[in-house]
Amino acid sequence: MQCEIALNAKRAYIVRSFTEDAGAAMLSVRKMHGLGNDFVVLDSRDEPILLPEARIRKIADRRRGIGFDQLLVIEHPAAREADAFMRIYNPDGSEAGACGNGTRCVADLLMTQLGRDTCRIETLRGVLEAERRDGLITVDMGEAQKDWRDIPLARELDILHLPIEQDGVSNPVAVGMGNPHCVFFVDDADKVDVAGIGSAVEHHPLYPQRTNVEFVSVHGDNALRLRVWERGAGITLACGSGTCASVVAADLRGLVDARSAPVAVTVDGGVLSIGIRESDGHVLMTGPAATTFVGEADL
């Protein structure tokens, strides 16, 4: 018994000493997800956090770091009407302009901190409004970008019929949601080689900033099945901006009517509801957000 007590005391001393020695490097982190699309959330409003690409890649390592589909950093906003600014990084260290599921997660966190059910989040795309109702969060993702220069594409093309063909899939739609998307409509999204085709199309020369790649099949009246390859991240269980882009593309093709009723989109992680507001064309995304854990990490 005395040996066991001594051993436990020694373990406690080692843990305590390590924590004290590393205290200056320890940083509060929050792990969140939206339908399995997972994020590390850092709050840099009190103290700036240095995040060179090498550090981001280390945090993204699911074996030696924490692991994430995107890293979200909360900063003070520049826009007076916003409650916070959200910066988005991919696992490869590149910065993204939009992240729908991540916006819901940060909105959930901010609304809890603010003690209300609405908030405004500034992103590289602009200020996004969010609202919590019945346990779900709706984000106004703004109007989709449909001009080839805004998406952006390398040259002027018909965005509804891009001349891209890869391993049996072809004729995609180009849509921008603050980040570029290439949406393929297929007979069965579950049978598509998402990794093989997605990784190739991500770097297609028509997309100078690379692109997210979506594979969509129609599953009934105003219902879609989606699988996605995210630029800089690979296959993810859900992609908020990709889901929005897919519904916009399907609406443009006449496959759904997102203006009369929300479209139910089944992704690998669950179901998102996407509608297009008739008055201004803004895309409204509704879904859950969850916190996995809160802790400290030596970054």
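I began with cysteine 244, which counts as buried (under 20% relative accessible area, with exposed over 50% and partly exposed in between; 1.4 Å probe, protein chains only) because its relative accessibility is 0%. I note that this is a predicted model, in which local features need pLDDT of at least 70, side-chain atom pairs count only at pLDDT 80 or more, and totals for chains, interfaces and linings use all residues. Residues are numbered from 1 along each chain as its sequence is written, and side-chain values use heavy atoms, with hydrogens and water left out.

I then looked for disulfides (a pair of cysteine sulfur atoms within 2.5 Å) and found zero. For cysteine 244, the nearest cysteine sulfur is that of cysteine 239, 8.6 Å away.

Next I examined strand E2 (residues 37–43). Strands (E, at least two residues) and helices (H or I, at least four) are DSSP runs, numbered from the N terminus. Six of the seven E2 residues are buried, so the strand is largely enclosed by the rest of the structure.

I checked the pairing of E2, for which DSSP must find at least two bridges between two strands. Strand E1 (residues 26–34) pairs with E2 in the antiparallel sense over five bridges, and histidine 33 has aspartate 38 as its bridge partner in E2. Two residues lie between the strands of this hairpin, where leucine 35 takes a positive phi near 55°. With strand E3 (residues 70–75), E2 pairs in the parallel sense, also over five bridges; there leucine 42 stands opposite valine 73.
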